[in-house]
Amino acid sequence: MAKVTVLNDNVTFDVTDGEYLLTYFKEHTAMLFGCEKGECGICICTVNKGIENLNEKSQKEIAVLHSRGAYPNQRLACLLKIKWGEVEIEY
């Protein structure tokens, strides 16, 4: 079981290893989403801890993040899948 903390909402929740985080974010946080397909960039978030515990960025995600001027530790929340361990995020 993985553990995800979202600082903005002061919430921590358990996630089954290998799960996408979108449903959990929608249930437990006030994070904003648009297309939910990794195309619009509304859900850019910053991974403060545990970035190595997340799935790799796809070429599509890399392109969207680049077009938005994102930092290396920023990701699209709608595409995040946790592999294991602990992750700390803020949006």
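**Figure 1. V6 and the residues around it.** Looking past residues up to four places away in sequence, V6 touches V11, F13, F25, T29, I89 and Y91, where contact means heavy atoms within 4.5 Å. This is a predicted model, in which local features need pLDDT of at least 70, side-chain atom pairs count only at pLDDT 80 or more, and totals for chains, interfaces and linings use all residues. Residues are numbered from 1 along each chain as its sequence is written, and side-chain values use heavy atoms, with hydrogens and water left out. V6 sits in strand β1 (residues 2–6); strands are DSSP runs of E with at least two residues, helices are runs of H or I with at least four, and both are numbered from the N terminus. With a relative accessible area of 0%, V6 is buried (buried is under 20% relative accessible area, exposed is over 50%, and partly exposed is in between, using a 1.4 Å probe and protein chains only). H28 is 22 residues from V6 along the chain, and their C-alpha atoms are separated by 9.0 Å.

Figure 2. Setting aside neighbours within four places in sequence, L65 is in contact with I44, K57, A70, Q74, R75 and L76. T12 is another story: 53 residues separate L65 and T12 along the chain, and their C-alpha atoms are 25 Å apart.

**Figure 3. Cysteines without a disulfide.** Search the whole structure and you get zero disulfides, a disulfide being a pair of cysteine sulfur atoms within 2.5 Å. What about C43? The closest cysteine sulfur to that of C43 belongs to C78 and is 3.7 Å away, too far for a bond. C45 is in no disulfide either, and the nearest cysteine sulfur, that of C43, is 6.9 Å away. As for accessibility, C43 is buried with a relative accessible area of 4%, and C45 is buried too, at 1%.

**Figure 4. Two residues with positive phi.** Most residues other than glycine have a negative phi. N10 is not a glycine, yet has a positive phi of about 50°. N10 is in the loop between β1 and β2 (11–15) and counts as exposed, at 71% relative accessibility. E36, also not a glycine, has a positive phi of about 65°. Its place is the loop between α1 (22–28) and β3 (44–49), and E36 is partly exposed, with a relative accessible area of 32%.

**Figure 5. The chain behind the close-ups.** Two helices and five strands make up the secondary structure of the protein chain, in the order β-β-α-β-α-β-β along the sequence. The radius of gyration is 12 Å, close to the 12 Å that the globule rule gives for 91 residues, so the chain is as compact as a globular protein of that length; the radius is taken over C-alpha atoms, and the rule is 2.2 Å times the number of residues to the power 0.38. The C-alpha trace spans about 30 × 25 × 20 Å along its principal axes. Of the 91 residues, 41% count as buried. Among contacts between residues at least 6 apart in sequence, 62% join residues at least 24 apart.
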